[in-house]
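Trainee: Before we look at the model together, could you take me through the terms one at a time and set each value against its definition?

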Amino acid sequence: MIGEQLTIAEREARYTSGAYAKRPLTLVRGAGAHVWDDAGNRYLDMTSSMGVAILGHAHPAVADALAAQAQTLISCPEAFYNDRRAELYAVLSALLPDGFDRFFLCNSGAEAIEAGLKVARLLTGRTGIVAVKRAFHGRTLGALATTWNPQYREPFAGWTPPTTAISPHDLTAAEAAVDDSTAVVVVEAVQGEGGVYPLDAAWLQGLRRLCDERGALLLVDEIQAGLGRTGTWWAFAQADITPDLIALGKGIAGGVPMGALVWRGALGSIESGTHGSTFGGNPLACAASIATLRTLQAMDAPTVCAALGQHFLAGLHALNAPSVREVRGRGLMLGLELRGRVTPVLQALQARGVLALPAGKTVLRLLPPYVTTIEQADEVLAVLAEVLHDANA
Ligand SMILES: *Cc1c(COP(=O)(O)O)cnc(C)c1O
């Protein structure tokens, strides 16, 4: 219609795939822990844009590194060596346990898992995959095989590699599932999307022992829980285990798309041509990642996340809301198991200027940026208290 003014949301909805359940909110700007909508309203972003903006939005170190690299060299395929890529390897391997010095760089978390499955098969010559119920490892066809939610998997039945799913904390099931045909066991030390469940150290140690005994590789997915979020650089460290392969993504480049698979170099490297990615290891993402990792190091991210996480956790327990069944979490990876559905609570929070995430139908998930201040944390807790109080009424 002539003269009709469509909103941004309407203009976007006209073309979007339908793959995403959309919230009626249009975000146009961010700074630190805040984002703004197209009407100028401000929100505290306790989603970190899905766990990605770990240093908050428009962090100057990341923005400056991107601007400088954009004016120098944006693309450089892996067929050539590159200064930023070489630097990133050094910075990242210094944060990892000794011996993790083989990397495959890619562009998302799911791609890091795909790489993990392929590398495990190549290194072991085996085909078996074991994953954990409630796990989330991404939605491309290989990664999807290891993701638990049947809603995500069932429309693609028959297209994903055969995978055995075991219950978390069931060592007998693990003993039955892991055998001499198993290439890889995939696990999150703290399950995120599945409901924010930290897995018991003893069980994770049992998985480690089984993999050692039976020659399978242990792939720990640190895409959401890694990089300091749970209070240590790596969530697996709290279970006192060392994986064989580690998948990284989300915040690794401060919001720029990037994923990485890292493995113990002692296991060997893979043959040329067995895997690849046009954009993998591009200098722009590498520059953003170097800036992010150096900033995380300088701020001592694990200590910051542990302290801020304690503050949040104490505040969440103190809410004492009857509508909350359980409070779970490690560091800045927090979950509130509600008695009812999470969607109305998320909507009420948004109406009061706080953005949070679901993790399943009844879990409210907070993934605050590491730059969140105590005052901002208190503001979130106050709004949560109001909303949960209303939810009880
Ligand atoms: C988000 C996530 C993934 C998938 O990452 P994408 O970048 O969305 O492909 C995999 N594993 C975990 C634990 C995640 O949180």
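Mentor: Strands are DSSP runs of E with at least two residues, numbered from the N terminus, and His 34 lies in strand β2, which spans residues 34-37. This is a predicted model, in which local features need pLDDT of at least 70 and side-chain atom pairs count only at pLDDT 80 or more, while totals for chains, interfaces and linings use all residues. Residues are numbered from 1 along each chain as its sequence is written, and side-chain values use heavy atoms, with hydrogens and water left out.

Trainee: Why does His 34 count as buried?

Mentor: Buried means under 20% relative accessible area, computed with a 1.4 Å probe and protein chains only; His 34 has 10% relative accessibility, and therefore counts as buried.

Trainee: What makes a polar contact between the side chains of His 34 and Arg 42?

Mentor: A polar contact is a pair of N or O atoms within 3.5 Å, and within protein one must be able to donate a hydrogen and the other to accept it. The side chains of His 34 and Arg 42 make such a contact at 3.4 Å.

Trainee: Which residues are around the ligand?

Mentor: A residue is near a molecule if one of its heavy atoms lies within 4 Å of it, and the residues around the ligand include Ser 108, Phe 136, Glu 188 and Asp 221. An oxygen atom of the ligand lies 2.7 Å from a side-chain N or O atom of Gln 224, and an oxygen atom of the ligand is 2.5 Å from a side-chain N or O atom of Lys 250.

Terms used:
Helix = DSSP H or I, 4+ residues; strand = E, 2+ residues; numbered from the N terminus. Buried < 20%, exposed > 50% of the residue type's maximum accessible area, 1.4 Å probe, protein only.
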